[in-house]
Amino acid sequence: MLSSTDQVDRSPLRRWLGRAGAHEAERSLARQSLLMGIVCLGIDAVSYLTRGPGPGLWSTLVLIGILIADAALMSSPRLSGWVALGNALLMPALAFVLLPGPSASTAGQLVSAYRAGAWLRGWPAGAALAALCGGMLCSVLITGLDSLASLVSLVAANALMPWLVGRYTTARKAHVDELRHQREAALRDAQAEVAAAVAEERETIAVELHDVISHHVSAIGVHATAARLNLATGPLTDDGAVRTSLTAVEESSQAAMIDLRRLLSLLHEGDESPEQPGLAMLPELFDGVRSSGLQVTYVVYNTPHPLSRAIDTTLYRLAQEMMTNALRHGDGKAARVELDYSGDRVHLTTRNRIISGTDPVKIDSPVTGLGVGLEGMRKRAETLGGSATFGIVGDGLYWESSVTIPLGGKS
């Protein structure tokens with residue numbers, strides 16, 4: 001993953017590549033214009049010399065005019081209007097010197113009409129078309145063509161149609177560019193959505209790891225402390241308390257491994273993972289907490305309703321985090337857990353006595369920026385359309401954590 005510094009350092013490279021690409025496109029366009037002008041010049045010169053009136057002043061001047069008009073096709077597209085005007089003026093002169101033959105157009109005149117339609121916009125495009133149609137009309141009238149249908153056909157074929165083809169080509173290119181821009185915008189939006197989903201998933205994993213690790217590590221810490229104190233103060237022959245504490249440490253570490261395995265199963269198999277904990281496992285959770293010395297009273301109100309796996313697992317993790325906070329910041333003696341199935345919602349509430357003088361802010365996780373602790377619990381509830389409240393109650397003697405989640409989850 002690139003850091004912001006890498007992205008800043010690479011931005012000049014991107015700008016340089018963009019300018020290099022633009023210059024290459026301009027050079028390619030210039031080469032194409034040069035080739036087109038040379039081809040038109042050759043075709044028109046050969047055509048005029050093979051059917052022209054022969055040597056003469058006017059014939060020579062018209063030939064020079066043809067060569068100049070075709071050479072102008074090699075100029076910048078910004079001059080397309082002037083190139084079209086030059087070809088429009090050349091057509092009556094060409095018809096005059098070719099009398100009494102039929103009116104004729106040149107390859108350069110057709111290309112100039114196309115360029116005018118493709119490159120010009122607004123009134124310059126209309127003026128170029130009018131000049132080309134006027135020049136072709138004069139050419140047809142000079143040859144003496146008196147059929148209106150033939151007149152319209154020649155003007156349309158030699159002036160209007162190339163101009164329209166140029167307009168169509170440009171419009172098609174604009175349409176293709178717009179589709180490409182829309183595709184790029186959709187790709188950017190999709191990438192942003194993926195990035196947001198990845199960030200959300202990372203936050204979810206961080207919360208899961210915090211809930212799993214902190215709970216079991218807190219219990220291990222309590223038992224390890226008890227074992228150390230018993231070793232320091234108790235007779236070596238009476239090691240029952242030490243054995244009890246070390247057994248609890250072993251059980252807590254095993255439980256931590258089990259929970260980590262469940263978390264890995266969730267990451268591998270998603271919501272279909274069969275090993276995720278739920279409310280049915282709360283008695284087992286409270287038994288482990290009781291081995292740490294915290295007497296947990298668990299009460300269920302009303303008839304339990306069937307819950308979705310997401311709600312079931314979330315309530316278990318919330319209860320696990322509540323027990324962790326009770327172990328860390330409570331007096332370590334007793335806690336009461338209430339699970340209430342009330343109407344279309346389920347309420348989970350935990351209350352435990354706190355140590356006198358406890359700062360409520362310290363009850364939250366000391367880790368910042370990961371969405372854990374009380375904030376992580378709140379986000380868990382809000383993800384499922386619920387809410388969470390935390391605070392000191394009972395004249396400052398108890399800490400209460402309460403979560404409410406709709407049975408149907410977030411709508």
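Helices (H or I, at least four residues) and strands (E, at least two) are taken here as DSSP runs, numbered from the N terminus.

**Figure 1. Overview of the predicted model.** The structure shown is a predicted model. The protein has 11 helices and 5 strands. It comprises 411 residues, of which 35% count as buried. The protein exposes about 23100 Å². Among contacts with a separation of 6 or more, 72% come from residues 24 or more positions apart.

**Figure 2. Close-up of helices α3 and α5.** Helix α3 spans residues 80-97, and helix α5 spans residues 123-142. Their axes lie 8 Å apart, at an angle of about 0°. That angle makes α3 roughly parallel to α5, because angles under 35 degrees count as roughly parallel. From α3, the contact is made by A84, L85, A88, M91, P92, A95 and F96. From α5, the partners are A128, A131, L132, G135, M136, C138, S139 and I142. By class, this contact has 13 nonpolar and 2 polar residues. No charged residues take part in the contact of α3 with α5.

**Figure 3. Close-up of helices α9 and α11.** Helix α9 covers residues 309-329, while helix α11 covers residues 373-383. The two pack at an angle of about 160°, with their axes 10 Å apart. Angles over 145 degrees count as roughly antiparallel, so α9 and α11 are roughly antiparallel to each other. The crossing of α9 and α11 is left-handed. On the α9 side, T314, R317, L318, E321, M322 and N325 make the contact. Sorted by class, the contact of α9 with α11 has 4 nonpolar, 3 polar and 3 charged residues.

Figure 4. S76 sits in the loop between α2 (57-72) and α3. Its relative accessible area is 26%. Residue S76 is therefore partly exposed, because that class lies between buried, under 20%, and exposed, over 50%. L29 is 47 residues away from S76 along the chain. The C-alpha atoms of S76 and L29 are separated by 9.3 Å.

Definitions and conventions: Residues numbered from 1 in each chain as written. Predicted model: local features only at pLDDT ≥ 70, side-chain atom pairs only at ≥ 80, totals over all residues. Heavy atoms only, no water. Axes fitted to C-alpha atoms, helices over the stretch in contact; angles between N-to-C directions. Parallel < 35°, antiparallel > 145°, perpendicular 65-115°, else oblique. Contact = heavy atoms within 4.5 Å. Nonpolar A, V, L, I, M, F, W, Y, C, P; charged D, E, K, R; others polar. Left-handed = near helix turned anticlockwise from the far one by under 90°. Buried < 20%, exposed > 50% of the residue type's maximum accessible area, 1.4 Å probe, protein only. Areas by Shrake-Rupley, 256 points an atom, 1.4 Å probe, with all protein chains shown as cover.
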